[in-house]
Amino acid sequence: MAELTLQNVSKSFDNQLILNDINLSVGNEEFVSVLGPSGSGKSTLFNLIGGLYQPDQGEITLDGDTITGTRGSISYMPQSPSLFPWRTIVDNVMLGSEIVGEPDREAAMNMLKKAGLSGYENAYPHQLSGGMKQRAAFVRSLLSPQPLICLDEPFSALDEFTRLEMQKWLLDLWSEHKRSVLFVTHNIEEALFLSDRVIVLSERPATVQKEFEVPFDRPREETLLLSEEMLSWKREIYQVLKRGDGSGASRG
Amino acid sequence: MKQVVLRGWRPTLVIILLFILWESASRLFEIPEWLIPSPTQVWEEGIAGWSVYNHHLYSTILLTVTGFLIGSSVGIIVAILLHVIPIFRNMFYPLIIFSQNIPIIVLAPLLVIWFGFGMLPKLIIITLVCFFPIAVSTMDGLRQTSTELLHYTKMAGATKRQTFWKLEWPHALPSLFSGLKISATYSVMGAVISEWLGAKEGIGVYMTLASSSFRTDRVFVAIFLIMLLSLLFFALITLIEKRVVAWKTKGVETNG
């Protein structure tokens, strides 16, 4: 079980309002994307959920418990892989569970195999390609004991081909090991392809502009990306993002 | 091994040429031995005089190793304390720099007056020259931890202690080893200087005895012994470094 809710969360730095009255929730085993333009305060949102800062107002709860300002209650995958260069891959993916909870080498080895990283268990990060490093980083967050995973634009630094491959890979692995996921991205297509629900943030100060329920069936195929339906959804979200007032026709 | 030969032949050639130049110059100009001995004369004394200086050599090695171990421990502890407690860094950092501005040559006789001719004043001198490079480089290593990795560990909920042992300490190890390598060579010098000022045995004693009796060949033997000792010490630290920070070099070839 993992249900995350943010209620009326606001945060400003140096008198500049970054997040304004954010309300959002992630249901159990739900995949929710937060979509917003660059610099819209998505990272601030994650830092608040991760407990690095206190919000100026509002409350964050996980399964009913207040986690505002508490660290270690979510599992996190950053934009860069952030693997420790002196640890082998298997030691790296156990790091999250080492920090909170008990590391399980057996489970780590199995998960690496499923993630298509067998043969690299004892390699060092610098021996891996960009996509493989991101896989290892995701495996690390899956092996962390927390029920909610926050992913911060994990594929934005990858090239187009690798990104698509990684998205499919992520969906495969996630459908087998269901967790609640909060996924931050600035790529509309990526948000639509991966999630059950897309939350669109406005530009600074960020507020929740609109929420879309994504109707595509799972498992999702690559052909979905080129379908008419996808294109019309993309157009609609794009217009909401561009207009920035949230008055677009609702379909959610 | 092949790589060592490939990379090493140029400097070796230069050193051999230098020796040849020195040897032929002392023969050509018939320089007296008490002024500058030729390399062969130094070599002969080095072989023949082994029984004269070997106990000096052991004594210096013992002093150097003990001093180095104490000095590096002090350096590492100082670095950790100053890193973990920022107020300490603020308070003591200038003091640590001042400690390096004290002329050792003035301090050493004072230490002998205070603590006598035993091991203690010598160990203090070696510690004083040794700890500084280690403390500074370790502190830098600890402070320059990647912000990305630090952000991840914070988000993952690591405590201060976990952050230190899992992230900052392993990150600082390569810097720590640079400090150790510098200190390893300093510690030999420190030992010899401290021996000059009052000791029963040691390379420093052997050197002062030799120079006051115009045995210049022995002075040169002492110089070469000190160089050899520093070099061995340096190589030993490098060897340990290769084992400890193996991740730095491992698999570089496979990556292209």
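Biologist: How many helices and strands does chain B have?
Modeller: In this predicted model, chain B has 10 helices and zero strands. Read along the sequence, the pattern of chain B is α-α-α-α-α-α-α-α-α-α.

Biologist: And what box do the C-alpha atoms of chain B fill?
Modeller: Along the principal axes, the C-alpha atoms of chain B take up a box of roughly 75 × 55 × 30 Å.

Biologist: What share of chain B counts as buried?
Modeller: Chain B has 256 residues, and 35% of them count as buried. Here is another number for chain B: among contacts between residues at least 6 apart in sequence, 77% join residues at least 24 apart.

Biologist: Thanks! Where does UniProt put the "transmembrane region" annotation in chain B?
Modeller: The unreviewed UniProt entry places it at residues 61–85, 92–117, 123–142 and 219–240 of chain B.

Biologist: What does the model show over residues 61–85 of chain B?
Modeller: That stretch of chain B is 96% helix and 0% strand, with its end C-alpha atoms 36 Å apart. Residues 92–117 of chain B are 77% helix and 0% strand, and there the end C-alpha atoms are 30 Å apart.

Biologist: Let's pick a helix. How far does α10 of chain B reach?
Modeller: Helix α10 of chain B, residues 216–244, has 29 residues and reaches 42 Å from its first C-alpha to its last. That is close to the 42 Å expected at 1.5 Å a residue.

Biologist: Which residues of α10(B) are buried?
Modeller: Among them are D217(B), R218(B), F220(B), V221(B) and A222(B). Further along, the buried residues of α10(B) include L225(B), I226(B), L229(B), F233(B) and I237(B).

Biologist: Nice. And what covers the buried residues of α10(B)?
Modeller: The cover includes α2 (39–48), α3 (50–84), α8 (160–196) and α9 (203–212) of chain B.

Biologist: New topic: L150(B). Where is its place?
Modeller: L150(B) sits in helix α7 of chain B, which runs over residues 147–155.

Biologist: Why does L150(B) count as partly exposed?
Modeller: Because L150(B) has 16 C-beta neighbours inside 10 Å, and a residue needs 20 or more to be buried and 12 or fewer to be exposed.

Biologist: What does L150(B) touch, beyond residues up to four places away in sequence?
Modeller: Leaving those out, L150(B) touches T145(B) and L167(B). As for A184(B), it is 34 residues from L150(B) in sequence and 32 Å away in space, C-alpha to C-alpha.

Biologist: Now chain A. What does UniProt say about residues 4–228?
Modeller: An unreviewed UniProt entry gives residues 4–228 of chain A the feature "domain: ABC transporter". In the model, that span is 30% helix and 26% strand, and its end C-alpha atoms lie 33 Å apart.

Biologist: How is chain A divided?
Modeller: Domain 1 of chain A takes in 1–74 + 146–159 + 166–230, and domain 2 takes in 81–145. Each of these two domains of chain A gives 12 residues to the contact between them. On the side of domain 1 of chain A that touches domain 2, nine residues are nonpolar, three are polar and none is charged.

Biologist: Last one: how many residues of chain A are in contact with chain B?
Modeller: 19 residues of chain A are in contact with 16 residues of chain B. The chain A side of that contact has 10 nonpolar, eight polar and one charged residues.

Notes. Residues numbered from 1 in each chain as written. Chains lettered and ligands numbered in written order. Predicted model: local features only at pLDDT ≥ 70, side-chain atom pairs only at ≥ 80, totals over all residues. UniProt positions renumbered as here; feature names shortened; annotations may be inferred. Helix = DSSP H or I, 4+ residues; strand = E, 2+ residues; numbered from the N terminus. Domains from an automatic or database assignment. Contact = placed C-beta atoms within 7 Å. Nonpolar A, V, L, I, M, F, W, Y, C, P; charged D, E, K, R; others polar. Expected span 1.5 Å × (residues − 1).
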